[in-house]
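Here's a quick tour of a model, meant to be read with the coordinates open. We'll start at a loop, move to a second one, and then look at a helix pair.

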Amino acid sequence: MGKDKKEEAVFLRKKITLLRAFSLLIGSMVGSGIFISPKGVLKNSGSVGFSLVVWFSCGILSMFGALCYAELGTRITKSGGHYIYILETLGPLPSFLFLWAEFFAIRPANSAVVALAFGRYLLEPFFAPCAAPVPAVKLVSLLGYYIVLTLNSWSVTWSARLQTALSIVKLLALALIIVPGMMLLAQGHTENFQDAFDRQSLVLDKLPLAFYAGMFAYSGWFQAGFVREELVRPERNIPLAVIVSVVTVIVGYMLTNVSYYTVLGTQDVLASPAVAVSFVQRAFKSLISVVPVLVALSCFGTMNGGILTFSRTLFVASREGQWPPLFSMIHIRRHTPLPAVMLMLFPMALHRISHPWAHCPSPPSPGAAQPVQEPDVVNPIKPVLRGVTSCICKTAACSRGQSFRLRMERRAEGSCHTHLSRAARRDTCVDVASVVVAMSFYSDPVSISIGCTVVLSGFPVYYLIIHRQMSTRCRSPFYYFTHKLQLLLEVVQQEIKTY
């Protein structure tokens, strides 16, 4: 009887196994970044050798951050990732400011970049050798995003199965780039690596931008903590999934970049609007229509992972009282956080309207020799890059604060075990990320100022709505509207505690 009652209760089931957690991390990391960011890393690092150093350094930094997350994920039993870790360690105001910036700036920009890459690569074979029309790219990118949104609203199981299948596609896409490059390298084609560490082209104040581009490609290693309450055996599976997936991606990214430089060279990488497509055109033309589709599917998997995880952040924030209560409700039959998933439709749509790609470039005048300038997908990444690196810094700081508190508790209990290796790992992550963020104030003060403005704009909202609490007179219409939507969407509050 008790078992039947639990099966009928409304709560988020534990449906994410070790394989699905590994697929979620791989699927979130390997996306548009490795097919876009090589241009940004090379441009801001100055040479092939320094760019490879940046890629490897970003991988090591991501590993430190991922291990910090694994430690936090085993100690803090709630879902929510960045948000819940900041809430538990730094308090409600910093967590709300992070949630505010994530929902209105970081997440929409990230989704827009990945969706645009999906639309562009999917349409590339149909319009080659010309560029795909901007309205078509915009339409296909929105269509792909809304398909993933619908799937996540429908079933957690099918979303996880799709993520597993697409993770295999992602690794296959990387293999199709790595193998021909390694074959040419083995045959002695090393001319593109001559004078790889040219110091004359190195500009130190541009290095933070190179790190930002690299960290964007690695972003996604933190996703397991977002679905902690739905993981099977999280104490075991989170560290395993994190370590295996990050090591796999580091090796894959390094070999992929070596293949890029072996086949294309620095000038071709910098001139290419789509590095993977240019690589295929040069390496083997027989698969010219296959690889762009694989890259598009890779971006599709990244969109799926992003929606699956960030919807849980909104769900937990609502449960903690920092987001409207409707978004902590679950569908009575599908057992999905339907309102939280559907909410992600609006910021993406608004961002796409204001995105530079939303407007077609003016056609050239008759007789003009210059082709139309293609839109650059690297520039919109900049705000996202700041957010990703800031998250590393904040999360490592949270891990440091959490461990310090636990050590004080153990010391009060008479235990002197201090976990020095963990503390060194967290300190390294905090220090490196802090230096990168600090240097970016000098290299790109405009973008940093915009990011700080977005974060601080949430302060009056927190003070007026969260801290002071709305009066009963103001709440009545709000509760009436919430009740009507609850009946329409067939959702209720979680009935069984899962943390």
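His 335 sits in the loop between β1 (329-331) and α14 (338-343). Helices here are DSSP runs of H or I with at least four residues, strands are runs of E with at least two, and both are numbered from the N terminus. This is a predicted model, where local features need pLDDT of at least 70, side-chain atom pairs count only at pLDDT 80 or more, and totals for chains, interfaces and linings use all residues. Residues are numbered from 1 along each chain as its sequence is written, and side-chain values use heavy atoms, with hydrogens and water left out.

So what's up with the backbone there? Most residues other than glycine have a negative phi. His 335 isn't a glycine, yet has a positive phi of about 55°. It counts as buried because its relative accessibility is 15%; buried means under 20% relative accessible area, exposed over 50%, and partly exposed in between, using a 1.4 Å probe and protein chains only.

Glu 490 is another non-glycine with a positive phi, about 60°. Look for Glu 490 in the loop between α20 (472-489) and β2 (491-493). At 33% relative accessibility, Glu 490 counts as partly exposed.

## The α6/α13 pair

Two packed helices are described by the angle between their axes and the distance between the axes. For helix α6 (residues 92-127) and helix α13 (residues 291-319), that's an angle of about 160° and axes 8 Å apart. The axes are lines fitted to C-alpha atoms over the stretch in contact, and angles run from 0 to 180 degrees between N-to-C directions. α6 and α13 are therefore roughly antiparallel to each other, the label for angles over 145 degrees.

Which residue classes make up the contact of α6 with α13? They split into 19 nonpolar, three polar and three charged. Nonpolar covers Ala, Val, Leu, Ile, Met, Phe, Trp, Tyr, Cys and Pro; charged covers Asp, Glu, Lys and Arg; the others, Gly among them, are polar.

## α13 on its own

α13 is mostly covered, with 26 of its 29 residues buried. At 1.5 Å a residue, the 29 residues of α13 should span 42 Å, and the 43 Å between its end C-alpha atoms agrees. The expected span is 1.5 Å times one less than the number of residues. Just after α13, Gly 321 takes a positive phi of about 85°.

## The whole chain

Zooming out, the protein chain has 20 helices and two strands. Of its 499 residues, 53% count as buried.

Key. Parallel < 35°, antiparallel > 145°, perpendicular 65-115°, else oblique.
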